[in-house]
Structure formats: C-alpha cells, structure tokens
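Colleague: Could you walk me through this model and tell me what stands behind the terms you use?
Modeller: Gladly, let us look at it together.

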Amino acid sequence: MAETGQVDAQLAMGPLALDQTELFAGMRPEVLQKIAERMAGGAYVEGILVAKEGTPGDCLFVVGQGSVEIIKGLGTPEEKRLSTVGAGGFFGEMSLIENRERSASVRTLEPSIIYALKPEDLQGVAREEPHQCRMILVNIARALSRRLREMDEVFAARSY
Amino acid sequence: MAEQGQQWLTPEVAVFMGVPLFEGISEDAIRALALAAEEDVYPAGQVIFREGEHGDRLCVIGDGEVEVVKGLGTEREVVLAKLGSRDFFGEMSLVEGRPRSASIRASRASVVYTLTNHAIGRFSRFWPEFHSTIIFNIAAGLSRRLREIDRAVVQKG
C-alpha cells in the first residue's frame with residue numbers, strides 16, 4: 001500500500017467530524033475520541049491503489065478527505081467501476097464481515113486522506129461501550145443494504 | 001435423553017438452530033425468538049411482500065423457496081435472486097427503515113417464520129449481545145448478496 005504520508009486522525013478529522021461519517025453516525029463524541037486515537041491515517045495522491053481485489057482484507061477504511069473508486073477486474077478487459085466513495089463514506093467492510101478476500105480494488109480519484117480501522121482497534125471500546133459499538137454494525141448493515149439496493153436496480157435496468 | 005430433547009424441539013426451534021441468521025446465538029435465545037415468531041404457509045405463486053410497501057418484519061424460510069422480484073407484474077419484471085430453506089429476507093427495510101426494495105413471491109409452497117420489528121426490539125432488551133450477533137449476521141448476508149450482484153452486473157457489461 002503506497003502512502004505519501006502519515007496523518008494524525010485527531011488533527012485532520014476530530015471527533016465532531018467523525019460523527020459526520022457514515023460509519024460512526026449517531027455515536028457519542030467521547031467514544032469517537034477513543035476510536036480516533038487508534039485509527040491510522042494516510043495521505044494518498046491521485047491514482048493510488050488502496051485495496052486490491054483478491055487480497056486478504058484485515059481492515060476497513062474511512063474516507064476523511066477526497067474520494068475513491070471501487071473497481072472490479074482492474075487491469076483486465078472486463079474492468080468496471082462499480083461505484084465511488086466520497087468524504088465521510090467508508091469501504092473495505094465486506095472482507096471484514098465475511099472474512100474473505102477483497103471483492104474489488106479501490107483507487108484514489110484525487111488527493112485523499114484515508115483512515116484504516118481494524119477490528120482490534122475497537123476491542124477496548126466494545127467492552128466499555130457495547131451499545132455504541134453496535135451502532136457501527138448497524139451503520140455497516142445500513143450501508144450494505146443501500147448499496148445492494150442500488151446494484152439490484154442497476155442489474156434490473158440491464159436485464160430486460 | 002435424545003427423545004426427551006426432541007420433545008422440546010418445536011419446528012420453529014429446529015429451523016432457527018440451523019439458520020445462518022441466528023448463528024452464534026445461544027439455544028435459550030433461539031427458543032425466545034422461536035416463541036416470538038409467527039408461522040405462515042404460502043402456496044406457490046403467492047406474493048409475500050410487495051415492492052414499495054412499508055416493511056416491518058423479518059422472515060426466515062422454513063421449508064420452501066421464494067423469488068426476489070423487481071417490477072413484479074410489469075413488462076420489466078426481473079428475478080434478482082432465489083432463496084431457499086433457512087435463508088432470510090426482509091432485512092433491508094429493517095436496517096434502512098425504507099419501503100420494500102423488491103417483491104417476494106413463493107415459487108413453491110413455503111413455510112415462512114416472521115419476526116416483527118417489535119418482537120426484535122423486545123429481544124434486544126433481553127439479549128443485547130445476541131441482538132448484535134443478528135445484526136452482524138444480517139450484514140454478512142447482505143455482503144454476500146452484494147458480492148454476487150456486483151459480479152452479475154460486471155458480467156452483463
């Protein structure tokens with residue numbers, strides 16, 4: 001994973017901003033503060049591969065600034081962009097939830113700041129604040145459902 | 001002992017024990033869910049949910065098979081997926097709080113167990129950690145279906 005520099009999650013995206021992200025929506029600032037302390041951030045230039053299809057995935061990513069594209073079959077004749085994720089969105093959760101390889105590749109569309117979150121980063125918080133951590137799961141399920149709904153519509157539109 | 005155990009294994013409990021939706025949940029909690037569930041039998045061809053309707057329940061297929069259909073009854077009708085025994089449906093409206101994204105039609109006679117939002121809410125107060133497990137299992141199911149539809153969309157070009 002090529003990075004152009006480490007970024008302090010608290011400096012670039014404080015607890016208030018974390019509250020604006022899809023992954024952490026509805027969570028309390030003091031809990032988010034603890035999570036932010038554990039998250040590793042990276043600054044990426046345009047066109048950097050953040051995740052590669054077919055490789056193991058042990059973390060999910062939150063987009064602090066910038067945007068990324070989700071691509072299947074990168075570098076093959078069947079290459080296809082499935083979607084884009086902008087600031088405040090997240091990606092990479094499918095590998096984590098299913099314990100499987102990355103289902104697609106992810107590439108930055110512009111200079112971006114992206115934070116990685118590993119399940120072990122949440123262990124302490126999960127013990128102290130189980131209800132708050134459940135909101136992360138709910139937010140992931142909601143985002144997956146929305147994306148499934150959108151892809152179902154794309155599939156249906158191309159089927160008749 | 002085995003016979004005695006089986007006396008207590010109602011059909012709902014037997015089905016719920018083997019359902020991916022409830023994987024990782026204790027037997028006590030599964031019995032509580034089974035007690036809260038309602039059983040319905042749908043003949044082949046019957047519509048169980050309609051696209052666009054308000055959704056307030058989660059369903060587990062006992063013995064049966066259903067189709068997930070978009071544009072039901074229109075010239076643009078498309079079958080998105082087929083679900084079989086021990087699969088679940090109805091979770092998208094549950095997690096998003098939005099109307100049904102597709103219709104569900106029984107493709108053969110099917111036994112369906114239903115849990116209302118209300119019943120799930122009550123369960124979550126008694127078994128918060130298993131409620132989290134169910135949400136995780138829902139996310140895993142959604143992720144698997146998203147993987148499949150992503151691949152199907154790419155194949156269509």
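Modeller: Two strands pair if DSSP finds at least two bridges between them. Helices (H or I, at least four residues) and strands (E, at least two) are DSSP runs, numbered from the N terminus. This is a predicted model, where local features need pLDDT of at least 70, side-chain atom pairs count only at pLDDT 80 or more, and totals for chains, interfaces and linings use all residues. Residues are numbered from 1 along each chain as its sequence is written, and chains are lettered from A in the order in which they are written.

Colleague: What makes strand E5 and strand E8 of chain A a pair?
Modeller: E5 (residues 67-72) and E8 (residues 105-108) of chain A share 4 bridges, in the antiparallel sense, and at least two are asked for. A:Glu69 stands opposite A:Arg107 in E8(A).

Colleague: Which strands are at the edges of that sheet?
Modeller: The open sheet has 4 strands in the order E3-E8-E5-E6 (chain A), with antiparallel pairing. Its edges are strand E3 (49-51) and E6 of chain A, as each pairs on one side only.

Colleague: Why are the buried residues of H3(A) said to be on the same side?
Modeller: In helix H3 (residues 29-38) of chain A, the buried residues are A:Val31, A:Leu32, A:Ile35 and A:Ala36. They cover an arc of only 140° around the axis, so they are on the same side of H3(A). The arc is that of the directions from the helix axis to the C-beta atoms. Buried means that 20 or more other C-beta atoms lie within 10 Å of a residue's own, exposed 12 or fewer, and partly exposed in between, with C-beta atoms placed from the backbone. The face turned away carries the exposed A:Glu30 and A:Glu37.

Colleague: How do you know that the buried residues of H3(B) line one face?
Modeller: Helix H3 (residues 27-36) of chain B has B:Ala29, B:Leu33 and B:Ala34 as its buried residues. Seen down the axis, they fall within an arc of 140°, so they line one face of H3(B). The exposed B:Glu27, B:Asp28 and B:Leu35 are on the face turned away.

Colleague: What counts as contact between two residues?
Modeller: Their C-beta atoms, placed from the backbone, must lie within 7 Å. On that basis, 31 residues of chain A are in contact with 30 residues of chain B. H6(A) gives the largest share of chain A's side, 18 residues.
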